[in-house]
Amino acid sequence: VQLQASGGGLVQAGGSLRLSCAASGRPSRYVMGWFRQAPGKEREFVADISSGGGVTIYADSVKGRFTISRDNVKNMVYLQMDSLKLEDTAVYYCAAGPIISARKNAYDFWGQGTQVTVSS
């Protein structure tokens, strides 16, 4: 599976962004996740979605503000980010793996990151 994340940028606090992850290599069979890494911090879980899209899990820090979705026809995964906060600034990565999990090592495939910067 190959993954390509896009959609990052600079946004003011309170604003919105939608990240996209284009997948190839039969991604519909995989759980898809989003992680993020801020400068000087470890990569952390943001959200994931089951292969069929029926189950979604969110980190407490983004619950109610971010929405993960997928389109298995287009082989795309999305992360809609609303009410962005300064602390959401990070490089965001999409990942694919066999099971729903918040652990980084549960994911076998990673895309390159896309930078999200939230300004005051």
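One disulfide is counted in this predicted model, a disulfide being a pair of cysteine sulfur atoms within 2.5 Å. The model is a prediction, in which local features need pLDDT of at least 70, side-chain atom pairs count only at pLDDT 80 or more, and totals for chains, interfaces and linings use all residues. Residues are numbered from 1 along each chain as its sequence is written, and side-chain values use heavy atoms, with hydrogens and water left out.

The disulfide joins C21 and C94, with the sulfur atoms 2.2 Å apart. Distant parts of the chain are linked by this pair. C21 belongs to strand β3 (residues 17–24), and C94 to strand β9 (residues 90–97), 73 residues apart. Strands (E, at least two residues) and helices (H or I, at least four) are DSSP runs, numbered from the N terminus. The link of C21 and C94 is right-handed, with 65° about the S-S bond. A disulfide is a covalent bond between the sulfur atoms of two cysteines. C21 is buried, at a relative accessible area of 0%. C94 is also buried, at 1%. Buried means under 20% relative accessible area, exposed means over 50%, and partly exposed lies in between (1.4 Å probe, protein chains only).

Strand β9, which holds C94, is largely enclosed by the rest of the structure, because seven of its eight residues are buried. Its pairings were examined next. Two strands pair if DSSP finds at least two bridges between them. Strands β4 and β9 run antiparallel and are joined by seven bridges. Within this pairing, V31 has G97 of β9 as its bridge partner. Strand β11 (residues 114–119) also runs antiparallel to β9, and three bridges join the two. Here V91 stands opposite Q115 of β11. Two bridges connect β9 with β10, again in the antiparallel sense. In that pairing, A95 has W110 of β10 as its bridge partner. In a regular strand the side chains alternate between the two faces of the sheet.

Five aromatic pairs were found in a search of the whole structure. Rings of Phe, Tyr and Trp (its six-membered ring) pair if their centres lie within 6.5 Å; planes under 30 degrees apart count as stacked, over 60 as edge-to-face and the rest as tilted. One of the pairs is that of Y30 and F109, which is edge-to-face because the planes stand at 80°, with the ring centres 5.6 Å apart. This pair links distant parts of the chain. Y30 sits in the loop between β3 and β4 (31–37), F109 in strand β10 (residues 109–110), 79 residues apart. Y30 counts as buried, at 15% relative accessibility. F109 is partly exposed, at a relative accessible area of 26%.

F35 and F45 form an aromatic pair that is also edge-to-face, at 5.7 Å centre to centre and 75° between the planes. F35 lies in strand β4 and F45 in strand β5 (residues 44–49), 10 residues apart. Both residues, F35 and F45, are buried. Together with Y107 and W110, F35 and F45 form one aromatic cluster.

Charged side chains also sit over rings. The criterion is NZ of Lys or CZ of Arg within 6 Å of the ring centre and within 35 degrees of the ring normal. R43 lies over the face of W110, at 5.0 Å from the ring centre. R18 lies over the face of Y78, at 4.2 Å from the ring centre.
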